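Here is a short tour for anyone who likes to see how the pieces of a fold sit against each other. Have the viewer open and follow along.

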Amino acid sequence: MKTEANAPSKANSRQKNGNHPSGDNRFTMLETSMKKLRYQPDALIEVLHSAQGLFGYLTSDLLLFVAHALKLPPSRVYGVATFYHFFTLEPRGLHSCSVCMGTACYVKGAGSVLAAVEGATGIKDGMTTPDGNLTISTARCLGACGIAPAVVYDGEVAGRQSPEDALEKLNEWEVKNGPE
Ligand code: FES
């Protein structure tokens, strides 16, 4: 289930326990990721990678949330998000599978999860199946290192994923084997 990134103004009223007022745990993970990068404005691209990995694509509300957190003008964040081809501001495939390839996840076998997904679909990272059913992407760190390797399926973060888990999800979505 995709959840729209909520208004950045809510970022001002973050609850004391660190959870985003929307209750969407992905914001907490994004915060963790930004915290690791010390909220450095220079880490914008890295942060946008994490945001896209968690949410599937970058909504304008999400871009504003990042701009607020990194204390950057929204125009700069929007400019970077639209400049690089690997960022998308619109949903692509019907389903999305984002494999975290950050250090913790990589060490715990994220590479084999990604290889299984790519092998089963015949498409690579950043691509969408010809029937529009699935988009595969990768992230550098989702802020969920404790449950590595992490994969985000349609906006739901799943931890300790194996290649078999990923293939089961693809099966559930009736993703065809191999390119059309
Ligand atoms: S490396 Fe941090 S969640 Fe994957």
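## Strands, helices and their contacts

Strand 1 and strand 2 (residues 134-139) run parallel to each other and are joined by six bridges. Keep in mind that this is a predicted model. Within that pairing, Cys100 sits opposite Ala139 of strand 2. Strand 1 also pairs with strand 3 (residues 151-153), this time in the antiparallel sense and over three bridges. There, Val99 has Val151 as its bridge partner.

| Partner of strand 1 | Sense | Bridges | A facing pair |
|---|---|---|---|
| Strand 3 (residues 151-153) | antiparallel | three bridges | Val99 and Val151 |

How covered is strand 1 (residues 95-100)? Six of its six residues are buried. In a regular strand, side chains alternate between the two faces of the sheet. In strand 1, His95, Cys97 and Val99 point one way, while Ser96, Ser98 and Cys100 point the other way, and all are buried.

Now turn to helix 7 (residues 163-172), where Ala166, Lys169 and Leu170 are buried. These buried residues fall within an arc of 100° when viewed down the helix axis, so they line one face of helix 7. An α-helix has 3.6 residues a turn, so residues three or four places apart point the same way. The buried residues of helix 7 pack against strand 1, helix 6 and strand 3. The other side of helix 7 carries the exposed residues Glu164, Glu168, Asn171 and Glu172. After helix 7 comes Glu174, with a positive phi near 55°.

Helix 6 (residues 110-121) contains Ala120. Is Ala120 buried or partly exposed? Ala120 is partly exposed because 18 other C-beta atoms lie within 10 Å, whereas a buried residue needs 20 or more. Ala120 and Val175 are 55 residues apart in sequence, yet their C-alpha atoms are 8.6 Å apart in space.

Elsewhere in the chain, helix 2 (residues 44-55) packs with helix 3 (residues 60-70) at an angle of about 140°, and their axes are 11 Å apart. The crossing of these two helices is right-handed. On the helix 2 side, the contact is made by Leu44, Val47, Leu48, Ala51 and Phe55, which meet Leu62, Val66 and Leu70 of helix 3. By class, the contact of helix 2 with helix 3 has eight nonpolar residues, no polar and no charged.

Note on methods. Residues are numbered from 1 along each chain as its sequence is written. This is a predicted model: local features need pLDDT of at least 70, side-chain atom pairs count only at pLDDT 80 or more; totals for chains, interfaces and linings use all residues. Axes are lines fitted to C-alpha atoms, for helices over the stretch in contact, and angles run from 0 to 180 degrees between N-to-C directions. Helices (H or I, at least four residues) and strands (E, at least two) are DSSP runs, numbered from the N terminus. A crossing is left-handed if the near helix is turned anticlockwise from the far one by less than a right angle, and right-handed if clockwise. Two residues are in contact if their C-beta atoms, placed from the backbone, lie within 7 Å. Ala, Val, Leu, Ile, Met, Phe, Trp, Tyr, Cys and Pro count as nonpolar, Asp, Glu, Lys and Arg as charged, and the others, Gly among them, as polar. A residue is buried if 20 or more other C-beta atoms lie within 10 Å of its own, exposed if 12 or fewer, and partly exposed in between; C-beta atoms are placed from the backbone. Two strands pair if DSSP finds at least two bridges between them. The arc is that of the directions from the helix axis to the C-beta atoms.
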